[in-house]
Amino acid sequence: MKNQKIIAIYGKGGIGKSSTASNIAAACAEAGKKVMIIGCDPKSDSSITLLRGRRIPTILDLLREGVDIKKEDVVFEGYAGVKCVEAGGPEPGIGCAGRGIIVAIQKLKSVSGNLLKEQDLIIYDVPGDIVCGGFVAPIRKGFVNEIYVLTSGEYMPLYAANNICKGLSKIGMPLSGVICNSRNVSREEEIVSKFSEEIGSQLMAFIPKRQVVQDCEREGYSVMEKAPESDIAQIYRKLGKAILENENRVTADSLSDERLRELTK
């Protein structure tokens, strides 16, 4: 499809990738776009707030059970029409998560007809904070065409973001932008803005820490559905629009550990 956006969101574990991805998906769907979110985490929680707390079967689990998978077994419609898919992960201690994602997506393509091609935006919620051989496999396979890194202004999330940029650069994959999911760190927006600038990229959004996000998640909802008039919902709308319109792609630099520590002092 012309101008189709297929993005992946990377970042340190626990930084809020699933929450951010699902709210971006909801915001873009509200704006009239055809959106699919593909969760690539064994926890299968990327789509749960779009489905009002419902946890759906994963492709890999169904394959292991020997199910003859059909589209309706793995594609579920969530808030504002977002198509929700959970790839799943390997059994603990067995197999490669990256390889599992490839198997799952290939199966999804084989059973869903033209569904993937019909989407304006596909969001991959990628687990982990290291761009290892397994996790870059979906990039090498051409499943995604844009990468965003999610971080906060704390040292460890920035360290992980920096490593991700380093890994992407090594495989020749451009970076489309940085998103800051705030943890209420002193000078946080300034720190992440400077980080984005120094690696040659851009800060797409500063998402302030708000209790309403956690409250909505506990009840099994996205912010967009449960608190549509909140300031945070408006920030997600602006971020979704910025991603849809973004054409900036750069080979990101990475910073020395000394410079990272200077930034976060």
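How many bridges join β1 to β6? The legends below, written for a predicted model, take up this question with the views of the sheet.

**Figure 1. Strand β1 and its two pairings in the sheet.** Five bridges join β1 to β6, and the two strands run parallel. Within this pairing, Ile 7 stands opposite Glu 146 of β6. β1 also pairs with β5, again in the parallel sense and over five bridges. There, Ile 9 has Asp 125 of β5 as its bridge partner.

**Figure 2. The covered residues of β1.** Strand β1 is mostly covered, with seven of its seven residues buried. In a regular strand, side chains alternate between the two faces of the sheet. In β1, Lys 5, Ile 7, Ile 9 and Gly 11 point one way, while Ile 6, Ala 8 and Tyr 10 point the other way. The residues of both groups are buried.

**Figure 3. The open sheet of eight strands.** The strands follow the order β3-β4-β2-β5-β1-β6-β7-β8, and their pairing is mixed. β3 (76–77) and β8 (203–207) stand at the edges with a single partner strand each, so one side of each has no neighbour in the sheet. Elsewhere in the sheet, β2 is joined to strand β4 (residues 83–86) by four bridges, and these two strands run parallel. Ile 38 stands opposite Val 85 in β4. Helix α8 (residues 188–198) touches β6, β7 (177–181) and β8, and its direction makes about 165° with that of β8. Helix α11 packs on the sheet as well, touching β1, β5 (121–125), β6, β7 and β8. The direction of α11 makes about 170° with that of β8.

**Figure 4. Met 36 and its surroundings.** Met 36 lies in strand β2. With a relative accessible area of 0%, Met 36 is buried. Leaving aside residues up to four places away in sequence, Met 36 touches Lys 83, Val 85, Leu 108, Leu 115, Leu 116, Gln 119, Leu 121, Ile 122 and Ile 123. As a reference for distance, the C-alpha atoms of Met 36 and Ser 193 are separated by 29 Å. These two residues are 157 residues apart along the chain.

**Figure 5. The packing of helix α1 against helix α11.** Helix α1 (residues 17–30) and helix α11 (residues 231–245) pack at an angle of about 80°, and their axes are 8 Å apart. The two helices are therefore roughly perpendicular to each other. From α1, the contact is made by Ser 19, Thr 20, Asn 23, Ile 24, Ala 27, Cys 28 and Glu 30. From α11, Tyr 236, Arg 237, Leu 239, Gly 240, Ile 243 and Leu 244 take part. Sorted by class, the contact has seven nonpolar, four polar and two charged residues.

Figure 6. The structure holds 15 salt bridges, one of which joins Lys 5 and Glu 146. The closest N and O atoms of this pair are 2.8 Å apart.

Figure 7. Arg 52 forms a salt bridge with Glu 225, with 2.5 Å between the closest N and O atoms. The pair links distant parts of the chain, 173 residues apart. Arg 52 lies in the loop between β2 (35–39) and α2 (59–64), and Glu 225 lies in helix α10 (residues 223–226). Are the two partners buried or exposed? Arg 52 counts as exposed because its relative accessibility is 56%. Glu 225, at 18% relative accessibility, counts as buried.

Figure 8. Arg 64 forms a salt bridge with Asp 61, the closest N and O atoms being 2.5 Å apart. Both residues lie in helix α2, three residues apart, which is about one turn of the helix. Arg 64 counts as partly exposed at 39% relative accessibility, and Asp 61 counts as partly exposed at 34%. In a separate view, salt bridges that share partners join Lys 194, Glu 197, Glu 198, Arg 259 and Glu 262 into one network.

Key: Residues are numbered from 1 along each chain as its sequence is written. This is a predicted model: local features need pLDDT of at least 70, side-chain atom pairs count only at pLDDT 80 or more; totals for chains, interfaces and linings use all residues. Side-chain values use heavy atoms; hydrogens and water are left out. Axes are lines fitted to C-alpha atoms, for helices over the stretch in contact, and angles run from 0 to 180 degrees between N-to-C directions. Angles under 35 degrees count as roughly parallel, over 145 as roughly antiparallel, 65 to 115 as roughly perpendicular and the rest as oblique. Contact means heavy atoms within 4.5 Å. Ala, Val, Leu, Ile, Met, Phe, Trp, Tyr, Cys and Pro count as nonpolar, Asp, Glu, Lys and Arg as charged, and the others, Gly among them, as polar. A salt bridge is a side-chain nitrogen of Lys or Arg within 4 Å of a carboxyl oxygen of Asp or Glu. Buried means under 20% relative accessible area, exposed over 50%, partly exposed in between (1.4 Å probe, protein chains only). Two strands pair if DSSP finds at least two bridges between them.
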